[in-house]
Amino acid sequence: QVQLVESGGGLVQAGGSLRLSCAASGSTFRIGVIGWYRQAPGSQRELVAAFRPGGNPNYADSVKGRFTISRDNVKNTVYLQMNSLKPEDTAVYYCNFKGIDGRLNPYDAWGQGTQVTVSS
């Protein structure tokens, strides 16, 4: 079983920065897609940034140039650096790992979510 633990959310003023972290533990074995999603009140969960196998990171248009996804393969940790934050970035942010575990079963693991609030 794969577990994800997120940290780094909080309250920040518009224009500020935050860095989210998501540490994976358990039988991650082979990780496929890693993504950060967010969900604002009354809205659907949306993809913010993702790593896909063999490709460059991709970003939602709304965060391009402001957010950066990165990873530490040794620590099995993914980060989301968020700069120039706007009030519309306010949401609960979730990390997601998809892959194959040690028994060659697919998994689709989610973090517990971390609140990001940007004040104007």
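Guide: Start with a definition: buried means under 20% relative accessible area, exposed means over 50%, and partly exposed lies in between, using a 1.4 Å probe and protein chains only. The model is predicted, so local features need pLDDT of at least 70 and side-chain atom pairs need pLDDT 80 or more, while totals for chains, interfaces and linings use all residues. Residues are numbered from 1 along each chain as its sequence is written, and side-chain values use heavy atoms, without hydrogens or water.

Now the link. A disulfide is a pair of cysteine sulfur atoms within 2.5 Å. By that rule there is one disulfide. C22 is joined to C95, with 2.0 Å from S to S. The link is right-handed, with 60 degrees about the S-S bond. C22 sits in strand β3 (residues 18–26) and C95 in strand β9 (residues 91–100), so the pair links distant parts of the chain, 73 residues apart. Strands here are DSSP runs (E, at least two residues), numbered from the N terminus. C22 has 0% relative accessibility and counts as buried. C95 is buried too, at 0%.

Next, a neighbour. Contact means heavy atoms within 4.5 Å. Leaving out residues up to four places away in sequence, T77 touches C22, A23, S70, R71 and D72. T77 lies in strand β8 (residues 77–82). T77 is buried, at 9% relative accessibility. A polar atom of the T77 side chain is 3.0 Å from the backbone oxygen of K75.

Follow R71, one of the residues that T77 touches. R71 lies over the face of F51, 5.3 Å from the ring centre. The rule for a charge over a ring is NZ of Lys or CZ of Arg within 6 Å of the ring centre and within 35 degrees of the ring normal.

Last, ring against ring. Rings of Phe, Tyr and Trp (its six-membered ring) pair if their centres lie within 6.5 Å; planes under 30 degrees apart are stacked, over 60 edge-to-face, and the rest tilted. The structure holds one aromatic pair. Y37 and W110 form that pair, tilted, at 5.0 Å centre to centre and 55 degrees between the planes. Y37 is in strand β4 (residues 30–39) and W110 in strand β10 (residues 106–110), so the pair ties together parts 73 residues apart in sequence. Y37 is buried, at 18%. W110 is partly exposed, at 34%.

Definitions and conventions
Helices (H or I, at least four residues) and strands (E, at least two) are DSSP runs, numbered from the N terminus. A polar contact is a pair of N or O atoms within 3.5 Å; within protein, one must be able to donate a hydrogen and the other to accept it, and residues adjacent in sequence count only if both atoms are side-chain atoms.
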